[in-house]
Amino acid sequence: MHIVVVGAGLGGLAAALAVHRAGHEVTVLERAPELRETGAGIGLPPNGVLALDALGLGEPVRARAVPLDGGAALRDRHGRPLITTDQVAMAEHVGAPFVAVPRPWLHGLLAEALPADAVRTGCAVTTVREVGAHVELDGAADLRADAVVVADGAGSRLRSTLFPDHPGLAGSGEKAARAIAAVAPANVPMVAGELLDHRTGDRFGCLPMDDGIYWYSAWRASAEDGASTATADERHRWLRSRRADWHPSVTALIDATPPEGVHVVETAQLRWPLPVLAVGRVALLGDAAHAMTPDLGQGACQAFEDAVVLGNELAGAGPADVPHALIAYSARRHPRTGALQRDARRMNRVLRLTGARARLRDAALRCVPQALATRALAAQFGFDTEPGAPGLPPGSTTKSSAP
């Protein structure tokens with residue numbers, strides 16, 4: 001079969017690789033004039049690594065894993081733990097470590113695994129429509145496909161044509177900066193995890209990589225938002241001044257990052273989950289299917305899970321089998337992604353609390369034993385990559401097939 005993937009981000013390339021490994025011809029259409037991935041780093045919880053295992057890319061990703069000294073944690077702004085997890089125990093239970101890597105590196109790894117002529121840039125697809133047993137794509141009129149995978153991101157244009165009654169994307173009211181410090185600042189201890197400020201609801205997190213430190217910062221968007229100023233230098237100074245009385249590693253990481261290396265966006269989410277993730281011969285994948293706030297670190301991971309399940313359902317399928325295969329894909333993925341969208345929304349509200357409610361949250365988190373927190377997170381990070389395995393909602397346990 002010939003399958004077209006719309007969008008060449010992380011999710012689109014993962015989908016194309018899964019389809020290619022399932023034995024089908026694949027074409028990826030990217031509207032940008034060149035194939036590239038912007039942004040800084042990306043944290044991959046164990047389920048994302050398990051999905052990349054299934055796509056044949058787990059080995060180079062696992063090779064970049066760096067131990068999290070002291071375990072991952074939510075902390076107050078001074079770096080004192082609120083709740084911690086044992087990353088070694090979690091990796092042993094789930095079958096994969098937590099890994100942080102540069103986004104462009106991961107994007108290149110996916111692209112290099114595809115056939116050389118699979119990706120076409122400068123191809124904007126405006127609509128897709130079924131004609132008999134095929135799908136035609138407007139904007140790429142020379143192509144007809146047996147199936148189409150829509151992976152054109154959170155602001156998907158095609159999603160709105162497939163689900164015209166869905167309210168679509170909504171901003172979270174929160175902005176996030178992401179960056180990479182090329183080297184760890186000298187003489188300043190790093191505190192891995194996420195720091196919370198009960199006064200403002202601001203957050204700051206960092207994750208060690210094998211070639212630097214990935215860090216991110218989040219705050220409530222407002223008209224007085226200093227990060228919206230015109231220059232990178234002004235934005236950099238604003239971020240640093242707003243974190244001046246936090247743990248010293250925070251300002252040290254900002255200082256170690258060039259201003260032009262800080263990327264700022266408003267985070268976004270679908271207002272509510274889509275009713276299904278496939279319509280006829282068209283499937284949606286990644287942020288186009290289930291955009292969520294980054295509070296669970298699951299955006300890319302769910303796209304990779306989508307890709308694995310889609311490839312499994314299409315393995316051995318012919319053109320007549322496509323509608324049934326995509327119904328099965330939606331049935332397996334929709335419960336998990338819908339639940340994670342709701343969980344991410346709730347987590348965002350909890351992490352942004354201020355004042356007395358935030359102090360109560362912090363007190364409650366300090367009462368959670370590390371072993372309990374580790375087991376709860378390990379359950380969420382399970383992913384069964386076996387073909388035909390049922391979808392696993394958050395909170396399920398699984399026996400991984402990872403090596």
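**Reading the buried regions**

Author: Glycine 48 lies in helix α2 (residues 46-54). Please bear in mind that this is a predicted model.

Reader: Is glycine 48 buried or exposed?

Author: Buried means under 20% relative accessible area. Glycine 48 has a relative accessible area of 0%, so this residue is buried.

Reader: Which residues does glycine 48 touch, leaving aside those up to four places away in sequence?

Author: With that exclusion, the contacts of glycine 48 are Cys301 and Phe304.

Reader: How should I read the largest nonpolar core, and which members touch the most others?

Author: In soluble globular proteins, nonpolar side chains tend to be buried together. Here the largest nonpolar core holds 79 residues, and those touching the most other members are Leu44, Leu106, Val148 and Phe304. Helix α10 (residues 299-314) supplies the largest share of this core, nine residues.

Reader: What does valine 148 touch beyond four places in sequence?

Author: Valine 148 is in contact with Val4, Val6, Val128, Val135, Leu137, Arg281, Val282 and Ala283. There is also a second, separate core of 17 residues, with Ala181, Trp215, Trp219 and Ile254 among them.

Reader: How many residues of helix α8 are buried, and where do they pack?

Author: Helix α8 (residues 248-255) is mostly covered, with six of its eight residues buried. These are Ser249, Val250, Thr251, Ala252, Leu253 and Ile254. The buried residues of α8 pack against strands β12 (169-181), β13 (193-196), β14 (203-209) and β15 (212-220), and against helix α7 (232-242).

Technical notes: Residues numbered from 1 in each chain as written. Predicted model: local features only at pLDDT ≥ 70, side-chain atom pairs only at ≥ 80, totals over all residues. Heavy atoms only, no water. Core = buried A, V, L, I, M, F, W, Y, C linked by side-chain atoms within 4.5 Å. Buried < 20%, exposed > 50% of the residue type's maximum accessible area, 1.4 Å probe, protein only. Helix = DSSP H or I, 4+ residues; strand = E, 2+ residues; numbered from the N terminus. Contact = heavy atoms within 4.5 Å.
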